[in-house]
Amino acid sequence: MKTRVFSLIAVLLSTAVVLFSCKFGAAEPKNALSEFESNFDMMWSDDHFKTSEDGNTWLLSLDKETGCGFLTKQRYRFGWFSMKLKLVGGDSAGIVTAYYMCSDKDAAPERDELDFEFLGNRTGEPYVIQTNVYKTGVGNREMRHSLWFDPTEDFHTYSILWNSHQILFFVDRVPIRVYKNNNKPNDFFPNEKPMYLFSSIWNADDWATRGGLEKTDWKKAPFVSTFKDYKLDGCEWKDPYPECVSTTTEHWWDQYDSWHLTDSQKKDFAWVERNLVIYDYCKDTERFPKLPEECSLSPWD
């Protein structure tokens, strides 16, 4: 008799667990697009975009027909912006995977912009990472770095810290570029316009690999770059009275320690400077007989 009672109780408990799970969704699969759709809009080519089953990983593909891209729903002025990327493997010559911030959706002539561009390669050759800064439509501030790892084998984190004092480009929390402000009105430091964050993959074989000498091998298409773990801690721009004023020190990315490189960041940055810099426009006196004003600002201050 006791055995029958215990069996009946076990059945009732099991049924209750199932009903509870169904009611509160514990057994329901997560909406695969929920995280993406809450943060981003597609720019073009929805059919070249996929997500993982859990919705946490986003895959952008490129073929001879088109590439693919997305952007944040909101604009931001100042903050910390971070994403993990795994780049196209194998022969990716001519291909650019981009992760960047821009004040305009359509690359308007007067735009501000902060760029990470990952330039593809022929099989076995290293990836090159290019950064650039635009102010009111003027760029030409390129730097190029090699990387200390293969960015196609696993995910790595690429981040931008932006306040009124400096812009830092990070790879796995290592600062690879420091772009300083002189805290005066100038034509080189973008700190007035809010920006969207974009990610995309596209064909640029007219310039991306060895100055356009290496063309995209479309027989190896589709080419896929993968994104995940978008992290944002910034000031969302809200019209008509935005609160995005830097130097209030209310946020960690706008406090004194973020106005300059920390001691540990200085050590990492010095190592990058010695070992990874391929090109620095501030040292290209042939291209710029008179170096731009921002080149006189020390990254160490």
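Two strands are taken as paired if DSSP finds at least two bridges between them. Strands (E, at least two residues) and helices (H or I, at least four) are DSSP runs, numbered from the N terminus. The model is predicted: local features need pLDDT of at least 70, side-chain atom pairs count only at pLDDT 80 or more, and totals for chains, interfaces and linings use all residues. Residues are numbered from 1 along each chain as its sequence is written, and side-chain values use heavy atoms, with hydrogens and water left out.

Phenylalanine 170 stands opposite proline 175 in strand 12. Strand 11 (residues 166–171) and strand 12 run antiparallel and are joined by 6 bridges. Both strands belong to an open sheet of 7 strands, in the order 2-3-14-5-10-11-12, with antiparallel pairing. Strand 2 (49–51) and strand 12 (174–180) are the edge strands, each pairing on one side only. From one strand to the next, the twist averages 20°.

Helix 3 (residues 263–275) lies across strand 11 and strand 12. Its direction is at about 95° to strand 12. Axes are lines fitted to C-alpha atoms, for helices over the stretch in contact (heavy atoms within 4.5 Å). Angles run from 0 to 180 degrees between N-to-C directions. Helix 3 has 13 residues and reaches 19 Å from its first C-alpha to its last, close to the expected 18 Å. The expected span is 1.5 Å times one less than the number of residues.

The buried residues of helix 3 are Gln265, Phe269 and Val272. They lie on the same side of helix 3, because they cover an arc of only 55° around the axis. The arc is that of the directions from the helix axis to the C-beta atoms. Buried means under 20% relative accessible area, exposed over 50%, and partly exposed in between (1.4 Å probe, protein chains only). The buried residues pack against strand 9 (143–145), strand 11, strand 12 and strand 15 (277–280). The face turned away from the buried side carries the exposed residues Asp263, Lys267 and Arg274.

Across the whole structure, a search finds 30 aromatic pairs. Rings of Phe, Tyr and Trp (its six-membered ring) pair if their centres lie within 6.5 Å; planes under 30 degrees apart count as stacked, over 60 as edge-to-face and the rest as tilted. Tryptophan 80 and tryptophan 252 form a tilted pair, 5.6 Å centre to centre with 55° between the planes. The pair links distant parts of the chain, 172 residues apart. Tryptophan 80 is in strand 5 (residues 76–86) and is buried, at 7% relative accessible area. Tryptophan 252, in the loop between strand 14 (223–236) and helix 3, is partly exposed at 37%.
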